[in-house]
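Please read them with the structure open.

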Amino acid sequence: SVPQTENSDRNKRVFKFRNIDVIVYATVIIFGIGSWVDINGLWVELPAMITEGLPEGWKLPSYLSIIIQIANIGPLIVTLCNVFAPGKLNNNGVIYCILGIGSLACLFLAFFWKTTAYVAGEERSIVLLILQFFLALVDCTTSVVFLPFMTLFKSDYMTAYFIGEGMSGMIPSLVALGQGSGSVSCVNVSSTNATTNITTYNVYPQSNPPNFPVRDFFVFLFAMVFFSGIAFTLLKYCSYYEEEYAVENDDEEASEDSRCHSYELSNGEHSGSVTFSDPTTIGQSQSALVNENRKHQTAVTLSKTQDSIRVEKIAEHSISKLRYAYFLILTAFLNSLTNSVLPSIQTFSCMPYGISVYHLTAVLYNIANPVACFIVLVYSSTSCVVISFLSFLGSLAAAIILYTAAASPSPLLVGTKSGEVLIVIVWVLGGLLLTYSKVTIATVFRQYGTRALMWIGVMQQVGSFFGAILFYLIINVWVLFKSAPYCPV
């Protein structure tokens, strides 16, 4: 429990909204932005980079997809360390390391992204591919170190982290939109046959020059990752932010251990032999608990009323093994959709309805992510039925999107205003529902400690990995999707 003097200090804070401190909330958002901002930024900048003559051309996105999956070795190593040597890995040191690597990689990309070399007889963007691996290594690893760090704070700040994670895709998209990255104009070109004297007219896509160079974009990404590192330093070491910690730990590992294993002790829905820690003792060191037990060892016998109250508290903080596993599997499925499947088929789904629809959908879909996190802040349901129903609705929207991609270049209602409006609505609603569901699950797992959130991060990467591999094969190897032309005749 929080001391009364600390409660009075919190109440005196100026920037308070409900149960959160606005300054701390904003700092957590900035910290969360550093999770995926560099890879998301690199991805939206690809059109501008490719039009400047990279040798891989439009095959480059498929190369990057595979490199990102190889980079999952980062979270794998962290997970193995936490499983087989719990408490030995310095989580704070890992966060500083990956943010440092990410910021340096962005800075190097700003000046060397066009550097090529001949590998196996072919010209390759060798510097870009190597640095992109390090960026992917950084971002994949954030899933298993950033989330456990957030257990330091009250559960209200979990939504702030996911807002930041969502903005890591939205902010680079908006900057790239202002840059004009990937902007294409359809130009009429006439050609005359000298023999027959017949003139033919064709429409070709022409890339427009960007409003500022690629170098400036990568410098912007460097600044974003750097500020994320500053935000982490404030959250970890500034006394102002420590007042928003969930508990006061004298022995963090002891309290963490008592919280994170709670799910293993319930067999069925709040049934079986349960030995959870009393919520009022969470955060105390082992020595403090021993002293307390010694003080009260003469008063072991509890009244029936006290027993019933304790059982109710235990039930509130328990979760069955089946539900725990179900939420983890659902997390993997939802992240496979949001992180791999839908982004990989967006051009196939939206381009038949026009270039403007594609760009509008890309921007609004990225905006829907942080908006869903704000909704979780206002209303978050912990009901398994509600989460499952919303996940089903989001999956239904994803199925419609998958149909439009498979039916490209002639999906339903193509060439009509109603089709353009509907495809944008389906994408935005799908993004809202899927993001809301996965953030709500993470919020539920927040109360079970660091290890529970670590497994959420692991399943996020597992789902993203299998989704990316599957749709890489579908798109690039089996070629089951057909692109619509940029400029329809």
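**Notes on the predicted model**

1. Leaving out residues up to four places away in sequence, Phe31 touches Ile95, Phe146, Phe149, Met150, Tyr161, Ser228, Ala231, Phe232 and Leu235. Contact here means heavy atoms within 4.5 Å. Phe31 and Phe445 are the residues with the most contacts inside the largest nonpolar core, which has 114 residues. A nonpolar core is a set of buried Ala, Val, Leu, Ile, Met, Phe, Trp, Tyr and Cys residues joined through side-chain atoms within 4.5 Å. Buried means under 20% relative accessible area, exposed means over 50%, and partly exposed is in between (1.4 Å probe, protein chains only).

2. On provenance: this is a predicted model, in which local features need pLDDT of at least 70 and side-chain atom pairs count only at pLDDT 80 or more, while totals for chains, interfaces and linings use all residues. Residues are numbered from 1 along each chain as its sequence is written, and side-chain values use heavy atoms, with hydrogens and water left out.

3. Overall make-up. The protein chain has 18 helices and six strands; helices (H or I, at least four residues) and strands (E, at least two) are DSSP runs, numbered from the N terminus. Of its 489 residues, 45% count as buried. Among contacts in the protein chain with a separation of 6 or more, 81% come from residues 24 or more positions apart.

4. Lys438 deserves a look. This residue lies in helix H17 (residues 417-446). Lys438 is buried but has no salt bridge, and the nearest side chain of opposite charge, Glu165, is 5.0 Å away. For the charges, Lys and Arg count as positive and Asp and Glu as negative, with His and the chain ends not counted. A salt bridge is a side-chain nitrogen of Lys or Arg within 4 Å of a carboxyl oxygen of Asp or Glu. What does the side chain of Lys438 make a polar contact with? The partner is the side chain of Thr338, at 3.1 Å. A polar contact is a pair of N or O atoms within 3.5 Å; within protein, one must be able to donate a hydrogen and the other to accept it, and residues adjacent in sequence count only if both atoms are side-chain atoms. Neighbours within four places aside, Lys438 is in contact with Leu334, Asn335, Thr338 and Asn339.

5. Salt bridges. A search of the whole structure finds six. One of them joins Lys16 to Glu244, with the closest N and O atoms 3.9 Å apart. Lys16 is in strand E1 (residues 16-17) and Glu244 is in the loop between helix H10 (239-242) and helix H11 (252-260), so the pair ties together parts that are 228 residues apart in sequence. Glu244 counts as buried because its relative accessibility is 0%, whereas Lys16, at 27%, counts as partly exposed. Lys16, Lys154 and Glu244 are linked in a network of salt bridges.

6. Two further pairs. Glu52 forms a salt bridge with Lys114, the closest N and O atoms being 3.7 Å apart. Glu52 lies in the loop between H3 and H4, and Lys114 in the loop between helix H6 (91-112) and strand E3 (117-119), so this pair connects parts that are 62 residues apart in sequence. Glu52 is partly exposed at 35% relative accessible area, and Lys114 is partly exposed at 47%. Arg124 and Glu122 also meet through their side chains in a salt bridge (3.1 Å, N to O).

7. Val187 stands opposite Tyr204 in E6. Six residues separate E5 and E6 in the hairpin, and Asn197 in the turn has a positive phi of about 60°.

8. Helices H4 and H5. In H4 (residues 60-70), Leu60, Ser62, Leu64, Ile67, Ile68 and Gln69 are buried. Their cover includes helix H3 (37-50), helix H7 (126-149) and helix H18 (450-477). Asn82 is found in helix H5 (residues 73-84) and is buried, with a relative accessible area of 17%. Residues up to four places away aside, Asn82 touches Leu89, Arg451 and Met454.

Terms used: Pairing = 2+ DSSP bridges.
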